[in-house]
Amino acid sequence: MRIRATVAAVSGALALSALAVPAAHATGESGTPYTLNVSFSNVTVAKAIKVGTTNKVSASYSYTLTHGSDVNIAADDFYTDAFLYKGAYDTAAGELYGDEPATCTATSATTATCKGTIDIYPADGDLENAWAGSWNVAAEAVAFNGQDQDDPDLSKVGYKDQSGLGSTLVQRYSKLTVNAGPEPVTKGRTLTVTGKLTRANWEDNQYHGYSGQPVKLQFKKAGTTTYTTVKTVYTDSYGNLKTTTTANYDGYWRFSFAGTSTTPAVSAPGDYVDVR
């Protein structure tokens with residue numbers, strides 16, 4: 001996680017994360033933050049976020065922020081953002097934030113449209129393999145109201161968070177290969193098609209075979225635009241695929257994987273075979 005800062009109440013019961021405020025922990029605070037007069041609605045986020053092993057992945061989000069007249073969202077010390085959490089909100093296994101808070105544009109005296117990104121760095125250990133699948137969406141806002149952000153009077157600081165605002169899939173990026181041969185092949189002879197289905201391992205930053213998965217062998221006749229399914233093949237314990245078929249026409253062969261909740265769909269580039 002990219003935790004921008006933490007503002008803790010004296011009791012230690014409240015933690016505010018991912019806000020663009022000084023990174024030092026507050027010291028010498030007094031009081032407890034009050035509930036900020038805001039709410040969050042109309043949240044949109046990508047239906048699925050595909051994350052590999054090394055490259056940063058950013059997913060856009062937006063939401064409507066509704067606030068009371070006592071809340072100045074244009075103040076330099078007002079921050080808001082949306083974030084993802086895995087599992088139950090109070091005991092989340094993981095959380096994912098953006099590098100920066102959301103940018104809000106007022107649409108009326110008490111509403112604004114806020115936009116930002118969730119920024120994921122798999123090479124930095126942001127994710128564990130077991131976390132692949134469904135994640136929930138929450139949002140938060142904090143107003144320091146002119147308080148020293150390094151040493152605030154927390155009784156004058158407002159905070160509000162809201163969970164259960166939606167969901168998305170965070171998936172382990174997948175790859176699929178294919179090779180059909182011999183090339184060229186005599187019409188009516190046997191064609192052997194091999195390939196491999198792999199997916200990102202977020203814990204060692206490598207790609208490993210995805211075992212026991214149904215993958216479709218598909219063919220597109222030369223001069224046409226549509227692939228048709230010939231048969232379904234299952235990956236072995238290493239993610240390998242191997243099957244045979246009959247060569248009747250020039251065209252392209254590929255494997256196609258429909259995907260799971262943890263791993264996105266992927267199709268291999270077509271491998272052209274000349275039939276003579």
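What follows is a short walk through the strands, cross-links, salt bridges and nonpolar cores of this structure.

Before the details, please keep in mind that this is a predicted model, and I will speak of it in those terms throughout.

Let me begin with a sheet. It is an open sheet of four strands, and reading across it the order is β2, β4, β8 and then β7, with antiparallel pairing. The strands at its edges are β2, covering residues 38-45, and β7, covering residues 103-106, and each of these pairs on one side only. If one ignores direction, neighbouring strands of this sheet are turned against each other by 25° on average.

The link between Cys 104 and Cys 114 is right-handed, with 105° about the S-S bond. Because Cys 104 sits in β7 and Cys 114 in β8, the pair ties together parts that are ten residues apart in sequence. How accessible are Cys 104 and Cys 114? Cys 104 is partly exposed, at a relative accessible area of 24%, whereas Cys 114 is buried, at 0% relative accessibility.

Now to the charged pairs. Side chains of opposite charge can pair when their charged atoms come close. How many salt bridges does a search of the whole structure find? That search finds two. One of them is formed by Asp 99 and Lys 56, whose closest N and O atoms are 3.3 Å apart. This pair links distant parts of the chain, since Asp 99 lies in the loop between β6 and β7 while Lys 56 lies in the loop between β3 and β4, and the two are 43 residues apart. Asp 99 is buried, with a relative accessible area of 15%, whereas Lys 56, at 43%, counts as partly exposed. The other salt bridge is formed by Asp 274 and Arg 276, with the closest N and O atoms 2.9 Å apart. Here Asp 274 is partly exposed at 24% relative accessibility, and Arg 276 is exposed, with a relative accessible area of 65%.

Next, the interior. In soluble globular proteins, nonpolar side chains tend to be buried together. In this model the largest nonpolar core has 34 residues, of which Tyr 63, Leu 127 and Val 170 touch the most other members. The elements giving two or more residues to this core are β2, β3, β4, β5, β8 and β9. To take Leu 127 as an example, and leaving aside residues up to four places away in sequence, Leu 127 touches Val 51, Leu 96, Ile 120, Trp 135, Val 170 and Trp 202. Apart from this core lies another one, of 21 residues, and among them are Leu 191, Leu 197, Trp 253 and Ala 268.

That brings me to strand β13, which covers residues 190-201 and pairs with β12 in the antiparallel sense over eight bridges. Strand β13 also pairs antiparallel with β17, residues 240-246, over seven bridges, and with β14, residues 206-209, over four bridges.

Finally, consider Ala 180, which is placed in strand β12, residues 174-181. Is Ala 180 buried or exposed? Its relative accessible area is 1%, so Ala 180 is buried. Leaving out residues up to four places away in sequence, Ala 180 touches Leu 191, Thr 192, Val 193, Trp 253, Asp 271 and Val 273. Ala 180 and Val 193 are 13 residues apart along the chain, and their C-alpha atoms are separated by 4.3 Å.

Terms used: Residues are numbered from 1 along each chain as its sequence is written. This is a predicted model: local features need pLDDT of at least 70, side-chain atom pairs count only at pLDDT 80 or more; totals for chains, interfaces and linings use all residues. Side-chain values use heavy atoms; hydrogens and water are left out. Two strands pair if DSSP finds at least two bridges between them. Axes are lines fitted to C-alpha atoms, for helices over the stretch in contact, and angles run from 0 to 180 degrees between N-to-C directions. Buried means under 20% relative accessible area, exposed over 50%, partly exposed in between (1.4 Å probe, protein chains only). Contact means heavy atoms within 4.5 Å. A salt bridge is a side-chain nitrogen of Lys or Arg within 4 Å of a carboxyl oxygen of Asp or Glu. A nonpolar core is a set of buried Ala, Val, Leu, Ile, Met, Phe, Trp, Tyr and Cys residues joined through side-chain atoms within 4.5 Å. A disulfide is a pair of cysteine sulfur atoms within 2.5 Å.
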